[in-house]
Amino acid sequence: MEREYLDEIYRWCKNACMHNDASSDLQNLMKKIEYMQNVRNIDQIQLKEIYEEASRIYHFNKLNERIEIGEHSLPSLPYPYNALEPVISKKIMELHHDKHHKSYVDGLNKAEKELQKARNSNDYSLIKHWERELAFHGSGHYLHTLFWYTMSPNGGGKPQGKLLAEIVKGFGSFENFKRHFSEAAKNVEGVGWALLVWSARAHRLGILQAEKHQNLTQWDTVPLLVLDVWEHAYYLQYENDRSKYIQEWWKIVNWDYVEKRFEKAMQLKWKAY
Ligand SMILES: [Fe+2]
């Protein structure tokens, strides 16, 4: 199990080197792994250090990478398929990652390309379909990527430091937070997710449910420009002519503010897949 795990991390390092990421941190880590691959008894503390070093490099390297249209890829798991046993079986991890997550990646790429075609040909007859596909597969891809990284064979226990302090501030205690989060997860209607989120507006943590995850949103993105098309926003003046309202609305967009949000949002960087 430990050897399999080391081999997996080593393969990832080699792969990262091939993608022009041969940083000295990565090379030092590979040397440590090579050394451990040759010792008879693997030291658990050193193994944990390797895991932590690999995940640090993994998360913070190549943050400026841009994913072009239709070029998302399936991230490899940051641990072997059986690493989360007995809590989650190897079989579930294989199916969940290799089949389900993969199909979200493929679907997202397809939807992005179809929307690009629509823009190029100015044919928006299938826009509702492809926007739905974009929301469904895009949220699936982003949330699953997050899901894999929010679990670890060395996980469990309680958060520390600032996060713990913020949880206590927001929910009263860690136990209260855990109960609320678990109830939210248990009571998601049908399929979906429970999410711990940071509200950049309210400056506090919150717990949300996402029913399914495709209700025309794409989780893990930051809104920059929004247009209210609820009837209350235009009916008194434009009645049922929503297109006229949209056409006129462009005259009053505050691009300076959108630009400011864009600059702020650009500061938030996750590794690209
Ligand atoms: Fe899933």
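Let me begin with a term: a nonpolar core is a set of buried Ala, Val, Leu, Ile, Met, Phe, Trp, Tyr and Cys residues joined through C-beta atoms within 7 Å, where buried means that 20 or more other C-beta atoms lie within 10 Å of a residue's own, exposed means 12 or fewer, and partly exposed is in between, with C-beta atoms placed from the backbone. What we have here is a predicted model, in which local features need pLDDT of at least 70 and side-chain atom pairs count only at pLDDT 80 or more, while totals for chains, interfaces and linings use all residues. Residues are numbered from 1 along each chain as its sequence is written.

The largest nonpolar core has eight residues, namely Leu6, Ile9, Cys13, Ala16, Leu26, Leu29, Ile50 and Ala54. At least two of its residues come from each of α1 (2-18), α2 (24-37) and α3 (44-60), helices here being DSSP runs of H or I with at least four residues, and strands runs of E with at least two, numbered from the N terminus. The largest share, four residues, is supplied by α1. A second, separate core has seven residues, among them Val105, Leu108, Ala111 and Phe136.

Turning to the backbone, most residues other than glycine have a negative phi, and most peptide bonds are trans. Glu85 and Pro86, however, are joined by a cis peptide bond with omega of about 5°, and Pro86 sits in the loop between α3 and α4 (90-121). Asn122, in the loop between α4 and α5 (127-149), has a positive phi near 60°, and this residue counts as exposed because it has 6 C-beta neighbours inside 10 Å.
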